[in-house]
Amino acid sequence: MKQLIIYITIIVLTSSCSPDKGNRLEYALRFAENNRGELEKVLDHYYDNPEKQAAARFLIENMPYHYGYKSWQQDTIKQILADAVKRKSVYGEDLLIIDKKHLDKWSSYSHYNGEKIYDSKIITADYLIENIDLSFEVWKKYPWNKHLSFDDFCEFILPYRIANEPLSNWRKKYYEHYIPKLDSLYKGTDVIDACSAVNLVLKKEWFYYNTNFSLSHLGGDYLFTTRVGYCRDACDVVTYAMRSVGIPITTDYYIYSPDLRTWHCWNVVRDTTGQCYPFWYTKDEIARSVTNDGRRKGKAYRDCYGIQNGRFRKWAADNAVLPFFRNCFVKDVTDNYSGSNEISLPIAVSGCKYAYLGVFKNGSWEPVDIAQIEKGHAIFKNIEPDIVFQLLYSKNGNIETYDYPFVYDKQRIIYFKPDTTQQETACLKRKYPFQEYLF
């Protein structure tokens, strides 16, 4: 059994993502409390520019749900990483090695112990205005954005933050650094080629991987000078650089891979047709011929700045569900990688409203999808075929299994029901496929 973590929040806003669309601006302004005047300055600044004012409204209306973590401990660990990068203490080409004394002291620290700093309460008008103006400049400047819709601009270029990093004045810094390089390397109209040009620059600037510490996203200022962190921080570097020069980009991820025994994320660039093409900048080239990196995902998701209108938002206010599925900013993009499908699984558990799909995780099951139970069935959409899943439900705060594991082979559901009348002895050499890092 896996223990459910239930978050109880005092701030109703962050627990439900539920204000009506017509009330969201006023709701956001009230949430800002003493900082309301700064947000109103931005709206007033663009009173005669409807498009920029709409962009400001988009940022402000969604702002109450965004925050960063702050603590002196996190600042100390970031300095330890920066010092190791300067010394180039690496294993192989890109794996950063940290002194044991630092690991012993800081490896148990979690950034979740830090203070949450809500954007709405500290952000300034000048900061937002600079971010909006620079975003519009690069959106309008380059020909590959000619048909980029306003809604896609708001998600792929405009956001001033990525996740839970500390706020910083990153956009102008990256803009001044990468605009001259892009303009000298590429003069064409293809966004994929433009993205490839900037990516070549990024590769030369290098990145060191390190997963020893529990840190929030590191932030644009820090990553500008110190290229280090998880795969998510590598994605963040690319996102800052590409957005600063008007290349529409974001990050996709999976919660847990049954093959790789961990989570992973990668960048996707949106081309002029609306298709998103994936790449991992330190390893891959960017090409339209590549629509999947070959990793088995189970489910793939995209974090967005704006509240999504999908099913997670509908269920966000239903308290006792897994925290991930209370995220109003998650967009299911599995169909981008595995195609569209739908399966209906029978389940009958008294008093249970939701069912989950789990993938195998070292003797347990990791929930990666959710569906509402209706009339004795749970309908799951867009799951990756040929992966072993287990139907799950929650009971008294624990995750329980229901029925047998199964696989969907694009045509039918096949259950792995043991035949106890015919038993064999087998010697298993491995549970997981060989990976590059094992050699």
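## Helices α8 and α10

Helices α8 and α10 are roughly parallel to each other, a label given to angles under 35 degrees. This is a predicted model, in which local features need pLDDT of at least 70, side-chain atom pairs count only at pLDDT 80 or more, and totals for chains, interfaces and linings use all residues. Residues are numbered from 1 along each chain, and side-chain values use heavy atoms, without hydrogens and water.

Helix α8 spans residues 125–141 and α10 spans residues 170–185; their angle is about 20° and their axes lie 10 Å apart. The crossing of the two is left-handed. The residues of α8 in this contact (heavy atoms within 4.5 Å) include Y127, L134 and V138, while those of α10 include W170, Y175 and I179. Six residues of the contact are nonpolar, two polar and six charged.

## The nonpolar cores

The largest nonpolar core has 109 residues. Such a core consists of buried residues joined through side-chain atoms within 4.5 Å, where buried means under 20% relative accessible area. Among the members that touch the most others are L128, V198 and F380. Helix α8 supplies the largest share of this core, nine residues.

A second, separate core of nine residues includes F156, V268, C276 and Y337.

## Helices α2 and α3

Helix α2 (residues 24–31) packs against α3 (residues 36–45) at an angle of about 140°, with axes 8 Å apart. Therefore α2 is oblique to α3. In this contact, L25, E26, A28, L29 and R30 of α2 meet R36, L39, E40 and L43 of α3. Five of these residues are nonpolar, none polar and four charged.

Conventions:
Axes are lines fitted to C-alpha atoms, for helices over the stretch in contact, and angles run from 0 to 180 degrees between N-to-C directions. Helices (H or I, at least four residues) and strands (E, at least two) are DSSP runs, numbered from the N terminus. Angles under 35 degrees count as roughly parallel, over 145 as roughly antiparallel, 65 to 115 as roughly perpendicular and the rest as oblique. A crossing is left-handed if the near helix is turned anticlockwise from the far one by less than a right angle, and right-handed if clockwise. Ala, Val, Leu, Ile, Met, Phe, Trp, Tyr, Cys and Pro count as nonpolar, Asp, Glu, Lys and Arg as charged, and the others, Gly among them, as polar. Buried means under 20% relative accessible area, exposed over 50%, partly exposed in between (1.4 Å probe, protein chains only).
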